[in-house]
Structures are given as C-alpha cells and as structure tokens.
Amino acid sequence: MRGFSVLEEHVHSIFDFAECCLFDGDVERKLALTHRAKQILDNGLLKFPVEGDPGLIASTVFPDKPELLMPRDMPRRRLDTMEGKAAFFHALAHIEFVAIYLAWDIIFRFRGLPDEFYRDWLIIADEEAQHFALIRKHLQSLGFDYGDLPAHRGLWSHAEDTADDILARLAVVPRCMEARGLDVTPAMIGKLKTMGDETGVEILTRIYQDEVGHVERGSYWFNLLAKMEGFDPERHYKELILSHYQGKPRGPFNREVRIIAGFSNNEIDWLEERLHE
Ligand SMILES: [Fe+2]
Ligand SMILES: [Fe+2]
C-alpha cells in the first residue's frame with residue numbers, strides 16, 4: 001500500500017488516493033485525503049492513468065469501530081428518546097461513512113472508463129465525506145461519537161456482490177440503495193421538524209439535495225455504459241435488480257424525485273408492480 005507521503009509529493013493519480021482511502025481504517029485521514037483529492041481535481045492536477053489492478057475487494061479495510069451487526073441483531077430504539085435519537089443519527093453516520101467507501105470503490109475497481117466518470121465519483125466521495133462530518137458533529141452534540149454504537153453490516157455486501165460488474169454496481173448502489181434514500185428522507189425530515197431539531201432538518205435537507213445528484217449520476221452512467229455494451233438499459237436494469245438484489249423492493253417510491261434522478265416512468269412502474277407480486 002502506498003503511504004500518505006507519496007500523495008504529498010507529485011503523484012496525483014486518482015487511484016493512489018482511492019487506494020489510500022480504501023485500505024486504511026483511519027477516519028480522519030480518510031476525510032482529509034478525500035477533500036485533498038477533490039482540491040487537486042479542482043486545480044486540474046489529478047491524473048487518471050489507464051493501467052493498474054484494483055485487486056480483491058475483500059481486502060478493503062474498515063475501522064475497528066463501530067462493531068458491525070446483522071440487521072436482525074441491531075437494537076431497536078424509539079426516535080423520541082435521547083438514546084433513540086443518537087442511534088438514529090449514528091445509523092445515518094454509518095450510511096454516509098460507507099458511502100465514502102462506495103464512491104471510492106467504484107473509482108478504484110472499475111478501470112478504463114472515461115475521465116468524466118472518475119471526476120463524477122470523486123465529487124460524490126467528497127460530498128459523502130461532508131455528509132458524514134455533518135452528521136457526526138450533530139451526533140457529538142448529543143453526547144455520542146461515530147463508533148460508540150453498533151452499525152448495520154449489510155451495506156457493504158452490495159459492493160462485494162457487484163465487484164466485477166460495473167452495470168450491476170450502478171443498478172444496485174446508486175439506483176437502488178441510494179434511490180431508496182430519496183423515498184424515505186422527506187418523512188425523516190418531517191419527523192425531525194415535529195421534534196424541533198432544526199439542525200437535523202438542515203443537515204438532512206442538504207443531504208437530500210446532494211443525493212438526488214448522486215442517483216442522477218448513477219442513472220446517467222448506467223444508461224450510457226449499458227448502451228455502450230449493447231444492452232437495452234431499462235431491460236438490463238430489471239434483470240440486474242432481479243439477479244443481484246435479494247428480496248422484494250420496498251415502497252412507496254418518490255416518483256417525482258426519482259424522475260429528476262434519472263429513473264424512467266417504466267422503471268418506477270415495474271418497481272411498483274413488484275411490490276404487489
Ligand atoms: Fe450521502
Ligand atoms: Fe450518496
């Protein structure tokens with residue numbers, strides 16, 4: 001693994017940054033490196049070399065904490081208690097933290113794509129790092145830090161399941177997991193409003209706006225790369241969801257916002273039909 005010092009010299013390959021962020025569990029270093037990579041991109045100095053081998057996804061390094069549990073083992077808490085509120089924001093912090101890994105991994109794992117693809121996902125990695133920092137700060141104001149509570153093991157498994165197929169990755173991560181966030185976030189914002197948590201409302205509103213953009217980039221690249229590989233994008237999306245996403249979809253779907261994020265009405269109709277199967 002290349003060290004941090006290499007990046008402070010002159011080798012500004014996006015894949016070196018990705019490697020440092022994916023194979024080091026240190027939270028602060030990951031946030032700093034992600035912001036630094038974005039700055040170098042903005043300065044026009046980031047390189048996108050075509051050669052390189054990403055290796056196995058199984059060697060990705062996560063921090064020792066939080067402890068990762070199966071969803072069924074996660075303690076259930078009510079949002080109207082202090083502990084419940086902390087657990088809610090801890091769960092969101094974990095989603096954003098894994099989202100930093102997901103953005104770096106889609107860069108690192110899938111080589112030979114247009115430079116614009118890597119630019120888009122670095123901008124997303126940087127936004128996920130900002131989301132994580134915002135939620136973590138709010139969590140700290142409640143007397144907890146990221147890592148103090150257990151977290152959901154399942155999120156990263158979608159990356160592992162789609163490690164060798166860029167179209168499956170795009171279908172399952174931005175166009176399924178992140179898209180689900182677009183369905184459920186407005187109700188979360190409403191709940192926080194009734195609780196008088198103005199900071200929480202502000203943070204989730206900001207995240208919601210950014211996430212529309214992440215799903216839109218997912219749709220854009222899915223459709224483009226699917227066509228380049230000779231697939232009908234809508235048909236292939238359905239096939240990939242059926243083969244890579246276990247279980248039924250959960251609704252209801254936020255059709256208006258999903259359309260802005262690049263879903264077609266046909267795709268949303270199909271997801272809705274599956275709810276009633
Ligand atoms: Fe996010
Ligand atoms: Fe996102």
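Helix α7 (residues 166–194) and helix α9 (residues 233–244) pack with their axes 9 Å apart and at an angle of about 85°. Axes here are lines fitted to C-alpha atoms, for helices over the stretch in contact, and angles run from 0 to 180 degrees between N-to-C directions. The two helices, α7 and α9, are therefore roughly perpendicular to each other; angles of 65 to 115 degrees count as roughly perpendicular, under 35 as roughly parallel, over 145 as roughly antiparallel, and the rest as oblique. On the α7 side the contact is made by Leu167, Ala168, Ala171, Val172, Arg175 and Cys176, and on the α9 side by His236, Tyr237, Leu240, Ile241 and His244. Two residues are in contact if their C-beta atoms, placed from the backbone, lie within 7 Å. By class, the residues of the contact of α7 with α9 divide into 8 nonpolar, 2 polar and 1 charged, where Ala, Val, Leu, Ile, Met, Phe, Trp, Tyr, Cys and Pro count as nonpolar, Asp, Glu, Lys and Arg as charged, and the others, Gly among them, as polar.

This is a predicted model, in which local features need pLDDT of at least 70 and side-chain atom pairs count only at pLDDT 80 or more, while totals for chains, interfaces and linings use all residues. Residues are numbered from 1 along each chain as its sequence is written, and chains are lettered from A and ligands numbered from 1 in the order in which they are written.

Stepping back to the whole chain, there are 11 helices and 2 strands. From the N terminus on, the elements run α-α-α-β-α-α-β-α-α-α-α-α-α. Helices (H or I, at least four residues) and strands (E, at least two) are DSSP runs, numbered from the N terminus. The C-alpha atoms fill a box of roughly 50 × 45 × 35 Å, taken along the principal axes. The radius of gyration of the chain is 19 Å, which agrees with the value near 19 Å for a compact globule of 277 residues; this radius is taken over C-alpha atoms, and the globule rule is 2.2 Å times the number of residues to the power 0.38. Of the 277 residues, 39% count as buried, a term for residues with 20 or more other C-beta atoms within 10 Å of their own, with exposed for 12 or fewer and partly exposed in between, the C-beta atoms being placed from the backbone. Among contacts between residues at least 6 apart in sequence, 76% join residues at least 24 apart.

The axes of helix α2 (residues 14–22) and helix α4 (residues 82–109) cross at roughly 135° and come within 9 Å. That makes α2 oblique to α4. The crossing of α2 past α4 is left-handed, meaning that the near helix is turned anticlockwise from the far one by less than a right angle, with clockwise for right-handed. In α2, Ile14, Phe15, Ala18, Glu19, Cys21 and Leu22 meet Tyr101, Trp104, Asp105, Ile107 and Phe108 of α4. The residues of this contact of α2 with α4 comprise 9 nonpolar, no polar and 2 charged.

Helices α3 and α5 pack with axes 9 Å apart, at an angle of about 140°, and are therefore oblique to each other. Their crossing is left-handed. Leu31, Thr34, His35, Ala37, Lys38 and Leu41 of α3 make this contact with Arg119, Leu122, Ile123, Ala125, Asp126, Ala129 and Ala133 of α5. The contact of α3 with α5 has 8 nonpolar, 2 polar and 3 charged residues.

Ile107 lies in α4 and is buried, with 27 other C-beta atoms within 10 Å. Leaving aside neighbours within four places in sequence, Ile107 is in contact with Ile14, Ala18, Tyr118, Trp121 and Leu122. Phe89, likewise placed in helix α4, is buried, with 26 other C-beta atoms within 10 Å. Not counting residues up to four places away in sequence, Phe89 touches Ile135, His138, Leu139 and Leu142. Phe89 and Leu139 are 50 residues apart in sequence and, C-alpha to C-alpha, 6.0 Å apart in space.

Turning to the loops, Leu113 lies between α4 and α5 (115–141) and is partly exposed, with 18 other C-beta atoms within 10 Å. A cis peptide bond joins Lys65 and Pro66, with omega about 5°; Pro66 is in the loop between α3 (27–42) and β1 (68–69). Another cis peptide bond joins Gly251 and Pro252, with omega about -5°, and Pro252 is in the loop between α9 and α10 (255–260). In general, most peptide bonds are trans.
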